[in-house]
Amino acid sequence: MNAIINSIGIYHPKQKVYNSFFEKRLETSDKWIKERTGIESRFFAATDEYTSDMCIKAALNLSSVYNKDLSDVDFIIVATTTPDQIVPSVASQVQTRLKIPHAGAIDISSACAGFCNGLILAKGLIAAGTHKKILVFGADTLSKVTDFTDRNTCILFGDAAGVVIVEQSEENCLLETITETNGEFGKDLYLTNQKNLINDEEVVYKWAIQTLSYGLKSLARKNCIALDEVSFFLPHSANYRLLEAVFHELKIPMDKCLDSVREYGNTSAASIPLAWYNGIMSGKIQKNDILLLMGFGGGFTYGGIGIKNQIENKYV
């Protein structure tokens, strides 16, 4: 069975946080943050707003804009590192709150690679013929697990959710994939019992540059396409300076790299659907464009997938 994605939805909290927020609390500046990360703003969830709440609002956005009936969804995948609690899963809360009567539901935890891994799992379920219509979310409330005394990391993170529907199709629009894990680096980026996120920035940054560069080349090769033939790249938006370094090394112009980090911060599993949505709504991404999505993060793990874009801008 082939698979297609022709709808997308996102949500971000109301509270927009500019770099001046950190200037008042830490020894830092707007200039320092922008020079180091490219980040200008991010969004923080309200005290009583959690990952499941953001998923619901992203799904309702998708349903409204693309006129999608969610009642016949038969599986729900939520990629998140920040579930509301360990049990029940965020996916099961999405199922009941959206009143989807007959759907399996799982959370997957692979940090910033989560959304791509969710798409890969959904592609496999469709190909096996066991499911027909799958919601795949990438959502995180990182502000709830951020150490706001650490100026090197607290400036990075934001909260958001994104979702797509993966459906059976005659045409194959979810293309070749790659996955890999280097678990020996797990000690350098971890979250224990929903306390503060621990991040060895130097180790993570070096691995991310090497992995994204290698991964994009590998993903293009597996999809039998040259890098300069790709319409747009949608890597995890960890740090804009990191993306600039990788795309400079690959000799790919930055206008082919779609990010969300400058406006939303590093939103982990949500960063790729945010960039995808904004690319469509801005008119950059067109129907049938070839996209390479690449997530990488805690584990350390990464996953990538080629997409023949079928999502259209419904606001035009």
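At what angle do helix α3 and α4 pack, and how far apart are their axes? In this predicted model, α3, which spans residues 51–66, packs against α4 at about 45 degrees, and the two axes are 9 Å apart. Angles under 35 degrees count as roughly parallel and those from 65 to 115 as roughly perpendicular, so α3 is oblique to α4. The crossing of α3 and α4 is right-handed.

**Backbone features**

The loop between β4 (75–79) and α4 (90–97) contains P88. A cis peptide bond, with omega of about 0 degrees, joins V87 to this P88.

Positive phi values occur at C224, at K251 and at G283. C224 and K251 are each a residue other than glycine, and their values are set out below.

**Helix α9 and its end**

Is α9 largely enclosed or exposed? Nine of its 11 residues are buried, so α9 is largely enclosed by the rest of the structure. Buried here refers to a relative accessible area under 20%. The buried residues of α9 are S271, I272, P273, L274, A275, W276, Y277, G279 and I280. After α9 comes G283, where phi is positive and near 90 degrees.

**The second largest pocket**

What is the volume of the second largest pocket? The value computed for it is about 270 Å³. Its lining consists of 18 residues, of which D259, S260, R262, N278 and K284 are the closest to the centre. Two or more lining residues come from each of α8 and α9 (271–281). Helix α9 thus contributes to this lining, while nine of its 11 residues are buried.

Which classes of residue make up the lining of the second largest pocket? Seven of the lining residues are nonpolar, five are polar and six are charged.

Methods. Residues are numbered from 1 along each chain as its sequence is written. This is a predicted model: local features need pLDDT of at least 70, side-chain atom pairs count only at pLDDT 80 or more; totals for chains, interfaces and linings use all residues. Side-chain values use heavy atoms; hydrogens and water are left out. Helices (H or I, at least four residues) and strands (E, at least two) are DSSP runs, numbered from the N terminus. On a 1 Å grid over the protein atoms alone, a cavity is a set of points where a 1.4 Å probe fits but cannot get out, and a pocket is an open set with protein on both sides within 12 Å along at least five of seven lines; lining residues have an atom within 4 Å of a point. Grid points are joined across faces, edges and corners, and a volume is the space filled by probe spheres set on the points. Ala, Val, Leu, Ile, Met, Phe, Trp, Tyr, Cys and Pro count as nonpolar, Asp, Glu, Lys and Arg as charged, and the others, Gly among them, as polar. Axes are lines fitted to C-alpha atoms, for helices over the stretch in contact, and angles run from 0 to 180 degrees between N-to-C directions. Angles under 35 degrees count as roughly parallel, over 145 as roughly antiparallel, 65 to 115 as roughly perpendicular and the rest as oblique. A crossing is left-handed if the near helix is turned anticlockwise from the far one by less than a right angle, and right-handed if clockwise. Buried means under 20% relative accessible area, exposed over 50%, partly exposed in between (1.4 Å probe, protein chains only).
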